[in-house]
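Where do the charged side chains of this protein pair up?

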Amino acid sequence: MMGKIGNVLMLAAAALAGAGGAIVAQRGSTDRAATETVVRDYILANPEILPEAMRRLQAKESGKAVAANRAAIVEPFPGAVAGNPDGDVSVVAYLDYACGFCRASLPAITGLIAGDPNVRIVYRELPILSPDSRSAAEWALAAALQGRFKPFHDALYASGRVDGGAIEAAARAAGLDVAAARTAIRSPQIAGEIERNMKTASSLGFTGTPSWVVGDQVLGGAQTLTGLQTAVADARKTKAT
């Protein structure tokens, strides 16, 4: 904890110096403790700077976690992808079919695809809310293997519920080969995908669904179209530098 606080204090000092603040760190100084004391005193007098320092620290830590798990994040499960498959920015959405906030974010994803021909959407199943969530995720991945992910995905979310009947109805609406899907949902490939997503979510510090990765940025909660567009623009700026 003290190490994190120290990092926050140093980030605060950097933020203040970059903004023309009152603290000027002496280059070459090896007395970190003395510098932190000066910064701590300044923060106590100006606590409004702390949230920004925390945001910078969290963004830095999230970026490291994303880099360490890049392949597991951006390489889609076969068929669980939308938009431009060769897009320059991947928007990775971790969703649960029982999640109302996930459902509320779907129009933003649709709008992003419609307005940006160079973005790729990677859908990742993160079934954490109920046993039916797990079943729905398995069927969604089975649909992806048949090239019917999006029809199943849309039909199940449109039903407004997640249970055996809704899953079966979505499978029919998506035109799945139900027998093949039943075999697939018991396969190591689908089980491995879900477990990998769970592990990655833990590494990234996700606390619920929906959760997102855009470039090196991690986002939590329902997103608006503007929010996703801003995250994509930031990712492109980062890639350009």
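A salt bridge here is a side-chain nitrogen of Lys or Arg within 4 Å of a carboxyl oxygen of Asp or Glu. By that rule, this predicted model holds ten salt bridges. Side chains of opposite charge can pair when their charged atoms come close.

Start with Asp116 and Arg236. Their side chains form a salt bridge, with N and O 2.9 Å apart. Asp116 sits in the loop between α5 (100–115) and β3 (119–125), while Arg236 belongs to helix α11 (residues 225–240), so the pair ties together parts that are 120 residues apart in sequence. Asp116 has a relative accessibility of 13%, so it counts as buried. Arg236 is partly exposed, at 26%.

Now turn to helix α6 (residues 131–145), which contains both Glu138 and Arg134. These two residues are four apart, about one turn of the helix. Their side chains meet in a salt bridge of 3.2 Å, N to O. Arg134 has 26% relative accessibility and is partly exposed.

Finish with Arg161 and Asp163. The closest N and O atoms of this salt bridge are 2.6 Å apart. Arg161 is partly exposed, at 42% relative accessibility. Asp163 is partly exposed too, at 26%.

Terms used
Residues are numbered from 1 along each chain as its sequence is written. This is a predicted model: local features need pLDDT of at least 70, side-chain atom pairs count only at pLDDT 80 or more; totals for chains, interfaces and linings use all residues. Side-chain values use heavy atoms; hydrogens and water are left out. Buried means under 20% relative accessible area, exposed over 50%, partly exposed in between (1.4 Å probe, protein chains only).
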